[in-house]
Amino acid sequence: MSDREPLFSPKNRRLITNPLGQDNPITVQVLGICSALAVTVKLKPSVVMALSVVAVMAIANVVISLMRKGIPNRIRIIVQLVVIAALVILVDQVLKAFVYDVSKQLSVFVGLIITNCIIMGRLEAFALANKPWPSLLDGLGNAAGYGMILIIVGFVRELFGAGTLWGYEIIPQSWFVSNGGFYVNNGMMILPPMALITVGIIIWIQRSRNKDLVDIS
Amino acid sequence: MKSLRKLVDKIKPNFEKGGKLHKLHSTFEAFETFMFVPNTTSKKGVHIHDVIDLKRTMGVVVLALIPALLFGMYNTGYQHFKSIGELANQGLFDLFLYGLWKVLPIVVVSYVSGLAVEFIFAQIRGHQVNEGFLVSGMLIPLVMPVDVPLWMVAISTVFAVVIGKEVFGGTGMNIFNPALLARAFLFFAYPSFMSGDKVWIAEKADAFSGATPLALGAMGEPQVNSTMDMVIGTIPGSVGETSVIAIGIGAIILLLTGIGSWRIMFSALLGGAAMGLLLNTFAVNPFMAIPWWQHLIMGGFAFGIVFMATDPVSGSQTNKGKYIYGFLIGFIAILIRVLNPAYPEGVMLAILFMNTFAPLIDFYVIEANMKKRMKRAKVSTNA
């Protein structure tokens with residue numbers, strides 16, 4: 001076929017880049033907020049969570065896209081849920097096997113990926129109507145956009161809430177009040193409201209740089 | 001005065017559009033209007049300008065805060081020398097001077113950090129610098145414990161101004177009272193510096209208990225401070241909150257000038273008293289059995305309802321709404337204070353909580369009024 005699209009045509013590339021910026025699932029569509037608040041106390045769980053969502057979303061998008069012609073319209077939601085649930089259980093088992101401590105920290109939130117609105121949203125909005133390859137890109141892009149915000153929030157919260165990054169000390173021990181210094185960790189960073197405020201600030205910065213996103217209503 | 005005006009007029013062109021210092025025009029404007037009442041007049045239609053503009057209003061509130069500030073300084077010295085057992089050797093002036101050295105840095109840090117943020121935002125947005133921070137900058141030091149590290153004051157001030165005010169569009173648009181937000185931020189971010197018995201007295205001797213009457217009450221311990229002490233204010237506590245008399249003077253200034261709403265203050269007192277009485281009736285522990293009127297002079301209750309709850313921006317706007325708003329502040333403040341030992345200072349949380357609900361209260365008050373008038377209109381057409 002001569003009119004065959006190249007794998008990374010501009011249109012396909014936009015499937016990856018849009019969700020990172022002007023169509024970000026968290027900051028623009030405001031989806032998947034609950035897990036963004038819950039798992040971002042430390043950087044490591046945030047990264048693991050981001051990777052889990054990338055895996056689940058990319059594969060689920062491809063699977064649903066492959067099955068899109070065979071799924072009866074009336075039961076499509078339950079079919080999607082079965083696919084996502086199966087993948088989430090797989091991811092959960094992998095996490096338990098290889099990074100047990102993080103898996104314990106994430107606890108129920110890995111399971112709750114099943115109900116993550118971003119995944120359902122992309123399956124409904126994209127995978128059901130597109131071929132596998134664009135679906136894969138779309139899944140990767142959206143999950144990366146989600147993960148990116150998670151990692152930024154996790155970074156800020158661990159740095160100021162615990163003085164560490166990935167468990168390593170960043171703020172020297174000698175600064176702390178208990179060792180005769182002046183510094184104290186910000187206890188509010190560990191509380192979920194601060195994650196909400198951090199996400200809010202990211203949204204604020206993004207919208208003040210990109211006026212297209214400001215909705216006038 | 002005239003020469004000052006001349007000087008201002010002389011340098012003014014530099015800041016106007018095209019001038020070489022145009023970038024600093026908001027800064028210039030802020031100082032100009034601070035010194036002189038702006039002589040702008042409306043160009044179209046009939047408008048009446050009151051001489052009391054925002055800057056003058058804020059000035060009065062700051063004036064009303066001065067007694068509490070001065071007493072706070074005195075009390076800082078008083079508590080310090082009492083704790084090290086040298087109270088008898090110090091004159092009144094020494095006490096005050098010690099407090100001045102402790103409190104003044106907090107005031108300066110609060111103003112500098114807050115105004116810096118205000119100026120930056122005004123510059124970016126091309127607005128005028130709003131004078132809302134004049135009051136917040138004075139309120140923040142007054143609700144801090146005297147031993148708070150200065151960098152925490154700076155961080156919480158910046159947080160309060162940015163997240164509490166600028167996010168919503170600046171002065172007059174904020175949902176929450178910025179000064180209270182600063183305190184709430186400190187309270188949750190650095191709890192060890194905002195509660196307990198260490199922080200309320202500057203350079204306290206270790207053996208001396210510096211717990212506030214509220215903290216003692218929450219622990220079920222007997223009162224060590226007499227009622228008289230609490231009214232005068234010679235007890236440990238945040239800088240400006242201890243003296244009911246000093247706050248009372250401020251309240252009188254606010255009420256006489258009509259800047260603070262008597263409806264809010266009155267109904268908040270009523271709400272506090274109501275909750276106090278209710279708790280007295282069902283008292284099962286000593287803290288619940290504290291006479292209801294004592295709650296009104298303990299902790300930050302007086303300060304909160306006089307200076308924080310009456311904030312015209314974050315409070316209710318309608319007259320009926322003000323009664324409801326004030327009453328619930330008093331009611332919830334005592335409720336949190338007594339029934340939740342983790343948060344001895346319920347006033348702060350109660351006011352922030354009711355700030356959230358103020359627009360809702362106004363909405364329903366207006367709806368009810370509309371309904372009433374619709375009914376009246378119907379009756380008159382039927383008749």
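1. **Ground rules.** This is a predicted model, in which local features need pLDDT of at least 70, side-chain atom pairs count only at pLDDT 80 or more, and totals for chains, interfaces and linings use all residues. Residues are numbered from 1 along each chain as its sequence is written, while chains are lettered from A and ligands numbered from 1 in the order in which they are written.

2. **Chain A, elements.** Chain A has 9 helices and 2 strands. Both are DSSP runs, numbered from the N terminus: helices are H or I with at least four residues, strands are E with at least two. From the N terminus on, the order is α-α-α-α-α-α-α-α-β-β-α.

3. **Chain A, overall.** Along the principal axes, the C-alpha atoms fill a box of roughly 70 × 45 × 35 Å. Of the 217 residues of chain A, 34% count as buried. Buried means that 20 or more other C-beta atoms lie within 10 Å of the residue's own; exposed means 12 or fewer, and partly exposed is in between, with C-beta atoms placed from the backbone. Take contacts in chain A between residues at least 6 apart in sequence: 75% join residues at least 24 apart. A contact needs C-beta atoms, placed from the backbone, within 7 Å.

4. **Chain B, domains.** Domain 1 of chain B covers 18-37 + 54-259, and domain 2 covers 262-373. These bounds come from an automatic or database domain assignment. The contact takes 34 residues from domain 1 of chain B and 29 residues from domain 2 of chain B. On the domain 1 side, H10(B) gives the largest share, 6 residues. The residues of that side divide into 20 nonpolar, 12 polar and 2 charged. Here Ala, Val, Leu, Ile, Met, Phe, Trp, Tyr, Cys and Pro count as nonpolar, Asp, Glu, Lys and Arg as charged, and the others, Gly among them, as polar.

5. **The core.** The largest nonpolar core has 135 residues; Val56(A), Ala60(A) and Ile329(B) touch the most other members. Helix H14 (residues 319-339) of chain B supplies the largest share, 12 residues. Domain 1 and domain 2 of chain B each give at least three residues to this core. Such a core is a set of buried Ala, Val, Leu, Ile, Met, Phe, Trp, Tyr and Cys residues joined through C-beta atoms within 7 Å.

6. **Ile329(B) and H13(B).** Leaving out residues up to four places away in sequence, Ile329(B) touches several residues, including Ala268(B), Ile305(B) and Met354(B). Ile305(B) is buried in H13(B). Helix H13 (residues 301-308) of chain B is mostly covered, with 8 of its 8 residues buried.

Technical notes. Two residues are in contact if their C-beta atoms, placed from the backbone, lie within 7 Å.
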